Amino acid sequence: MSTRILITGASRGIGRAIAVRLAKPDRHLLLHGRDRKELDQTAALAQKRGAHAEILLCDLAVPEQVQAMARTLAVSPLHALINNAGIAVVKPLAEQSLEEWQRTLAVNVTAPFLLTKLLAPVMPKGGSIVNILSIAAKVGFANWSSYSMSKAALDGFAKAVREELRPGGIRVINVYPGSTDTDIWKTVPGEWPRDRMLRPEAIADAVAMALEQPDDVVVEDISLGSVGGTL
Ligand code: NAP
């Protein structure tokens with residue numbers, strides 16, 4: 001039986017890099033996102049490396065859609081869940097709307113909660129849940145309050161779930177990247193030196209390293225930053 005891996009937000013950026021890095025002939029990659037055209041491109045890259053790729057369209061801001069997707073997937077064993085998709089609303093506190101706060105919470109926290117809750121029960125021993133968090137889970141940056149809230153919330157949730165799932169042999173791996181050169185920066189006001197950021201492939205390599213450990217080893221936390229320092 002091939003190894004089934006769900007990657008949320010696989011249509012671009014870090015999610016696409018993870019999909020390409022994990023693509024191998026014995027793997028069935030479940031590539032999630034909303035942008036069909038971009039997901040087709042990720043699927044083509046994964047297939048070129050021999051993986052079987054399946055596309056899943058779902059808006060993570062809508063809990064009913066997330067639950068429906070998880071129930072469809074829960075019919076077969078899932079070996080890894082990569083909670084990667086995320087959004088960043090970056091603006092001063094006074095300008096943050098309640099709708100933006102709630103959307104951030106829905107996509108960055110509630111969706112991973114639902115996927116973890118509904119899919120952990122179909123994971124075999126040695127299965128993994130990888131959460132792509134951020135340095136912003138640990139360090140405060142002006143104007144990033146709702147984003148920091150969401151990453152710190154998912155961090156706390158994941159640390160508790162890690163303890164809960166240990167007896168079943170399921171590993172919870174938290175990854176904390178620094179600034180990484182992806183399209184997420186197009187949504188952030190200001191000028192950002194994208195050439196000095198981490199490459200998405202560096203995050204993908206770290207995820208692959210953690211997943212490749214023996215089943216009884218959990219790489220709990222991985223922090224990655226540019227050697228040039230925080231931007
Ligand atoms: P990105 O290029 O903007 O990609 C975001 C991904 O999330 C896309 O595939 C997008 O898919 C998906 N997504 C966003 N909203 C969604 C929704 N409502 N429903 C379904 N999918 C949705 O961002 P990225 O930089 O690769 O970020 C990936 C993760 O890394 C995020 O959790 C981010 O917080 C984290 N991270 C990024 C950085 C950085 O500097 N780039 C640093 C630390 C952590 P569709 O467009 O197809 O909907």
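Me: How far is an oxygen atom of the ligand from a polar backbone atom of Thr180?

Reply: The model is predicted, so local features need pLDDT of at least 70, side-chain atom pairs need 80 or more, and totals for chains, interfaces and linings use all residues. Numbering runs from 1 along each chain as its sequence is written, and side-chain values use heavy atoms, without hydrogens or water. A polar contact here pairs N or O atoms within 3.5 Å. For Thr180, the distance is 2.7 Å.

Me: Which residue has a polar side-chain atom 2.9 Å from an oxygen atom of the ligand?

Reply: Gly9 uses a backbone N or O atom, 3.1 Å from a ligand oxygen. The side-chain atom at 2.9 Å belongs to Trp185.

Me: How much of the ligand's accessible area does the protein cover?

Reply: Accessible area comes from the Shrake-Rupley method with a 1.4 Å probe. On its own, the ligand has 890 Å². The protein covers 96%.

Me: Which elements give two or more residues to the shell around the ligand?

Reply: Helices are DSSP runs (H or I, at least four residues), and strands are E runs of at least two. The elements are α1 (13-22), β2 (27-33) and α5 (145-165).

Me: Of the 32 residues around the ligand, which come nearest?

Reply: A residue counts as near with a heavy atom within 4 Å. Of the 32, the nearest are Ser11, Arg34, Asn84, Tyr147 and Thr182.

Key:
Polar contact = N/O pair within 3.5 Å; in protein donor to acceptor, adjacent residues only side chain to side chain.
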